Amino acid sequence: MKFSVVLSSVLALAGSSSAYQFAKRHSDVESAISSYSASARRSGASSTYSIAKPAKTLNANESAIHDDYDFIKPQAFIINMFSLEQEQTFDSFNLTQNITIPGLSPVYSEIHCNDNYTLCQVTTGEAEANAASTISALTLSPIFDLSETYFLIAGIAGISPKQGSIGDVTFPRFAVQILEYEVDAREMPENWTTGYFPLGTTNSSQYPVNIYGTEVFELNVNLRDRAVDLVRNVTLDNGAEKAEDLRDTYEGFEGFEPATRNVSVLTCDTLTGDTYWFGELLDEAFANYTSLITNDTATYCTTQQEDNASLESFIRAAQYGLVDFGRIVVLRTASDYTYSPNYLGDETTYYFNEVSQDISPSLVNLGLAIKTYIDDILLNWDDLYSVGAFEADNYLGDYFNSLDDYVEERSWGSIEWGTA
C-alpha cells in the first residue's frame, strides 16, 4: 500500500531543528502530511513523491504493513555508487519495496527495501557531488529513523599493484581525500618527484597548512574487523583466465608481488578523488600523501570517487544524532590496477584503455562480501548489533573532532583542534 505526499525542501522544513525531529513531533501521518503540504505550498513546491508505507516494527516475524504510520527504521542500509554495484545487492536480497524521497540521484531515484524494512539500499551515483547529495538527502529525510542503522558503503575501486590483486576485498580504517595543489608536471621544479603538494605548503614533503576537514575520516575498527573476519571465511572468486593473465604481467618486477597472488581480504585504506587517475608516479605521490596526512598511520591501497563525500555527509548527520558514525563500514573490491610496470610513459594510456582488466571477480566478491556481512547483522541483530557489541574503542570521525562524544585521541594529524 502506498500514499502520495507533497514534500518541500528538507532544509526549508527543518528550521532550527532537524527534519527528522520536525516529523517526529507529529502524532500521526495525516498531521504530518498536512504540515508538509502547507510548507510545500508556501515554498512553491509542486513535485509529488511516492513513499511506501513502512513497517511499524523491526521484528521480522511481524507484518510489514500496519494501519498506523511509523518511521522506516532499518537495521542495515547498503550504499552502492552505480549500476554494476547495485546489481550485486539486488542479486543477494529480495528488495521489493521502492521509496522515493527528494534529493536522490535522477539516475537512481529510489530507495529499495525488503518486505519488513529491516534492510534498505540506495545508489548514490558516481563521484563526490552525487555521493554527498544522496547521503545528505537520505539522512535528512523525515521518512527514516537511521539512528541505530548499520551502513555498508559497498563498491569497486582501483588498487595499487604494490598493495593488492584484482578481485581483492578491502576494508579500510581510513578514507583519505586528495586535497592538494597541482602544478603542471612539465613546469614543476626539476628536483620534484610530483606536481602535487599539500595546501598551504611549498613542496610535497610538508604537512598541509590549510585544512578543509574532509581530508581524513577514521572508522570503527572493531566493526570493520567483524566484517573482515566474516568475509575471510568465504570462498572468494579468483577470476577466470583473463584475470590470471593480467596478474602474470607483474611477475618478475620487484615490489609487485601483491599484484600476482590470488584474491584475499585486506585491511588497508582508501583514497577519494573525482579524477580517474592512473600511472606509477601518481600512485607513488598519493601513497606518500596518504602517509603524510595521517602521520604514517594509513596505508593507501584503493582509489575511488565517493567515500569521503559520503562520510562527510554522515558526519554532519551524526552530529545531530540522525546516524551513528560508529556503525559505518566501507567495503571496496579491486576492479583494476592503477598502473603496470609494463606500460609506462607513452604506453600508459594504452594500458588504461586497451589492456583488458577483468572486472568480474571484483563484482562477484563484492556481492559475496555484502551478503556475508549484511546477513550477519540481520541474523544477530538482537544478540549483537542492537546492543552495540562492536562499539569503537579507537578515534572516530573527521579532522575537526566533530564527534567529541567518542574517543578523543587520534594518532594522525598535526594541528590542534579548532586551529585550522
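## Strand β9 and its partners

Strands β9 and β14 run parallel and are joined by three bridges; two strands count as paired if DSSP finds at least two bridges between them. Strands here are DSSP runs of E with at least two residues, numbered from the N terminus. This is a predicted model, in which local features need pLDDT of at least 70 and side-chain atom pairs count only at pLDDT 80 or more, while totals for chains, interfaces and linings use all residues. Residues are numbered from 1 along each chain as its sequence is written, and side-chain values use heavy atoms, with hydrogens and water left out.

Buried means under 20% relative accessible area, exposed over 50%, and partly exposed in between (1.4 Å probe, protein chains only).

Let's turn to Asp269, which sits in strand β14 (residues 269-272). Asp269 is buried but has no salt bridge, and the nearest side chain of opposite charge, Arg224, is 5.4 Å away. A salt bridge would need a side-chain nitrogen of Lys or Arg within 4 Å of a carboxyl oxygen of Asp or Glu. For charge, Lys and Arg count as positive and Asp and Glu as negative, with His and the chain ends not counted.

What does the side chain of Asp269 reach at 2.8 Å? It is the backbone nitrogen of Phe174. The backbone nitrogen of Arg173 also lies 3.1 Å from a polar atom of the Asp269 side chain. Leaving aside neighbours within four places in sequence, the contacts of Asp269 (heavy atoms within 4.5 Å) include Pro172, Ala298 and Cys301.

## Two disulfides

The model has two disulfides, each a pair of cysteine sulfur atoms within 2.5 Å. Cys268 and Cys301 form one, with their sulfur atoms 2.0 Å apart. This pair links distant parts of the chain, 33 residues apart: Cys268 is in the loop between β13 (265-266) and β14, and Cys301 is in strand β15 (residues 300-304). The link is right-handed, with 75° about the S-S bond. Cys268 is buried at 6% relative accessible area, and Cys301 is buried at 0%.

Cys113 and Cys120 form a disulfide too, with an S to S distance of 2.0 Å. Both of these cysteines, Cys113 and Cys120, are buried, and their link is right-handed, with 100° about the S-S bond.

Technical notes. Helix = DSSP H or I, 4+ residues; strand = E, 2+ residues; numbered from the N terminus. Polar contact = N/O pair within 3.5 Å; in protein donor to acceptor, adjacent residues only side chain to side chain.
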